[in-house]
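Trainee: I would like a close look at one single part of this model, with the terms spelled out as we go.
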Amino acid sequence: MRRPKVLRKLAERNPLTKQKRNLASLEALDKRTKAMRDAQLRARFFEVLQAMRGRAAKQFLLRMLKDPRYTSAERKRAVAIYASKTPRKALPLYRELLPIADLPAGVRAQMALELAKGRSDSHAAVLRRVLANPRDSLTVRIACAKALASWPSLRSRRLLSKIVGNPNEDPKLRKVADQSLAELNKMKWKLIPRKRK
């Protein structure tokens, strides 16, 4: 007679069971606060999401980032929370999501600015690719131009110079590119010595 109770207790303590239960609770809370259309309750939901520890919250945030049914403001908030929860995993995710034009411009712009914190050549390559695309969103391109100022690179410098010198580019973008270029020029560039053969 005791076996079912013991098995139930073991199941409840199982991290996977706990994760599923937490995820189900978040989904229910999300639906409820969305349906009530109360700004304060919605803000509380994000506070709960921020405070939660464990994989369930991270999994839920990932869904929010990729789900177009959430508003741009909600997805921007999810970006910020995900970055604070998983700083190491967040940047590779943003690098992957940044070129996707279907994501809201505000969300992508925030991802670009988060990538600047990584100070990596692989991040800079993605930022340059998005910035170089004239058909992409102006908001996103401006954010990419700002982000490139944080990591010295000759390729970034060339691209920013090209944008500054192009009269067909948007004046706002040219101004930001010029500021980023000035910041790059102020930096002390460390030259890596070549190995002697």
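Mentor: Arg42 is found in helix 3, which covers residues 39-51; helices here are DSSP runs of H or I with at least four residues, and strands are runs of E with at least two, numbered from the N terminus. Please keep in mind that this is a predicted model, in which local features need pLDDT of at least 70 and side-chain atom pairs count only at pLDDT 80 or more, while totals for chains, interfaces and linings use all residues. Residues are numbered from 1 along each chain as its sequence is written, and side-chain values use heavy atoms, with hydrogens and water left out.

Of the contacts (heavy atoms within 4.5 Å) between residues at least 6 apart in sequence, 60% join residues at least 24 apart.

Arg42 has a relative accessible area of 10%, so this residue counts as buried. Once its neighbours within four places in sequence are left aside, Arg42 is in contact with Asp30, Thr33, Lys34, Tyr70 and Glu74. Ala43, also in helix 3, has a relative accessibility of 24% and therefore counts as partly exposed; its C-alpha atom is separated by 9.2 Å from that of Thr33, ten residues away along the chain.

Both Arg42 and Ala43 take part in a helix pair. Two packed helices are described by the angle between their axes and the distance between the axes. Helix 3 packs with helix 5 (residues 72-85) at an angle of about 20 degrees, their axes being 10 Å apart; the axes are lines fitted to C-alpha atoms over the stretch in contact, and angles run from 0 to 180 degrees between N-to-C directions. Helix 3 is therefore roughly parallel to helix 5, a label for angles under 35 degrees, with over 145 being roughly antiparallel, 65 to 115 roughly perpendicular and the rest oblique. From helix 3 the contact draws on Arg42, Ala43, Phe46, Leu49, Gln50 and Ala51, and from helix 5 on Glu74, Arg77, Ile81, Ser84 and Lys85.

Definitions and conventions:
Buried means under 20% relative accessible area, exposed over 50%, partly exposed in between (1.4 Å probe, protein chains only).
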